[in-house]
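Student: Hi! Could you walk me through this structure? I'm new to it.
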Amino acid sequence: MKRTFEYFPPTICYDKPAVAVVSKEECDTRRARALQGTLALELIVPKKSAKVWSMQRGDLCRVSLPEGSQVGDLNLWNLENPRKERFFSGKTRQIHSTHLKTYDRLWSCFPYLRPMATFVKDSLEDYGIDRDGGSLHDVAGTRCDDYIYKLITGEDRVGSCHSYLTAAVKEYGLSEEDVHDTWNIFMCTGFTRDTQQYFCKPSPARKGDFIEFIADMNLLVALSACPQGDVSIQVGQKVPDEKCFPLKVEVFRPN
Ligand SMILES: [Zn+2]
């Protein structure tokens, strides 16, 4: 006979600590101040590659799609202490949710556990949560890598978000061990209701779409333009080059 269990309704484990709840007015003011300031940096992450840049506390970063639908994998480090303090995807997921929404924050690892950045604008926020539980900008997955690619296809390859990020952070004296679980921007993912498996859908992001976040500490940021493009093709299958696009990065600094 199959065992039965008493039913309990779900309880939110970490009902947002006060520091996880930002004032929208204050956020919008910080955003406006940064956008009225100086364009401190502008760069393109070419398709199938990664770039690294630094930000000062209070800077606003906009990541946009200059050509076509494309997902990005983002890593964050404390600029002054990158080997010790970095983005903690798992705890960010527990504090907020599997998919980040405007006014959610990105948290750092132990023993710090403090906000590194705040998500302040999303041109895709109307997507919400679709009928399959799919949503955008997850902190549930990690980043594509050549190790799993080999497990799936049997082939060696160097050409994944993990390898691009690893190559990019060398410039700052960091290595493969410093690359960590990502914030998957523009990516549409979820977990199947029947088997709880991680799924992807083609990104609904289009040319001109963007997200913005504000640095809550001095940051080192790395961003990869995923070789899966808009993730409309399953990992392991060939992704045509025309499916991949660059990402544009702008950093605005308040005067
Ligand atoms: Zn990727």
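**A helix and its surroundings**

Tutor: Happy to! Let's start with a helix cap: Asp 145 caps the N-terminal end of H3, with a side-chain oxygen 2.9 Å from the backbone nitrogen of Tyr 147. That is a polar contact (N or O atoms within 3.5 Å; within protein, one must be able to donate a hydrogen and the other to accept it, and residues adjacent in sequence count only if both atoms are side-chain atoms). Helices (H or I, at least four residues) and strands (E, at least two) are DSSP runs, numbered from the N terminus. Before we go on: this is a predicted model, where local features need pLDDT of at least 70 and side-chain atom pairs count only at pLDDT 80 or more, while totals for chains, interfaces and linings use all residues. Residues are numbered from 1 along each chain as its sequence is written, and side-chain values use heavy atoms, with hydrogens and water left out.

Student: Okay! What comes just after H3?

Tutor: Gly 154, which takes a positive phi of about 80 degrees.

Student: And is Leu 151 buried or exposed?

Tutor: Leu 151 is exposed, at a relative accessible area of 72%. The cut-offs are under 20% for buried, over 50% for exposed, and partly exposed in between (1.4 Å probe, protein chains only). Leu 151 sits in helix H3, residues 146-153. Together with Ile 148, Ile 152 and Val 235, Leu 151 makes a nonpolar surface patch of about 380 Å². Patch residues have over 30% relative accessible area and no salt bridge; like charges are joined within 9 Å, and nonpolar side chains (Val, Leu, Ile, Met, Phe, Trp, Tyr) within 5 Å. The areas come from the Shrake-Rupley method with a 1.4 Å probe, and for residues only the protein chains shown count as cover.

Student: New topic: which residues coordinate the zinc ion?

Tutor: Cys 144, Cys 161 and Cys 226 do, each through SG, at 2.2 to 2.3 Å. Cys 144 lies in the loop between strand E7 (135-138) and H3, and Cys 161 in helix H4 (residues 161-169), 17 residues apart. Donors are N, O and S atoms within 2.8 Å of the metal (3.2 Å for Na, K and Ca); water is not among the atoms, so sites may look incomplete.

Student: What about salt bridges, how many are found?

Tutor: A search of the whole structure finds 17. A salt bridge is a side-chain nitrogen of Lys or Arg within 4 Å of a carboxyl oxygen of Asp or Glu. One of them pairs Lys 47 with Asp 241, with the closest N and O atoms 3.3 Å apart. These two are 194 residues apart, so they link distant parts of the chain.
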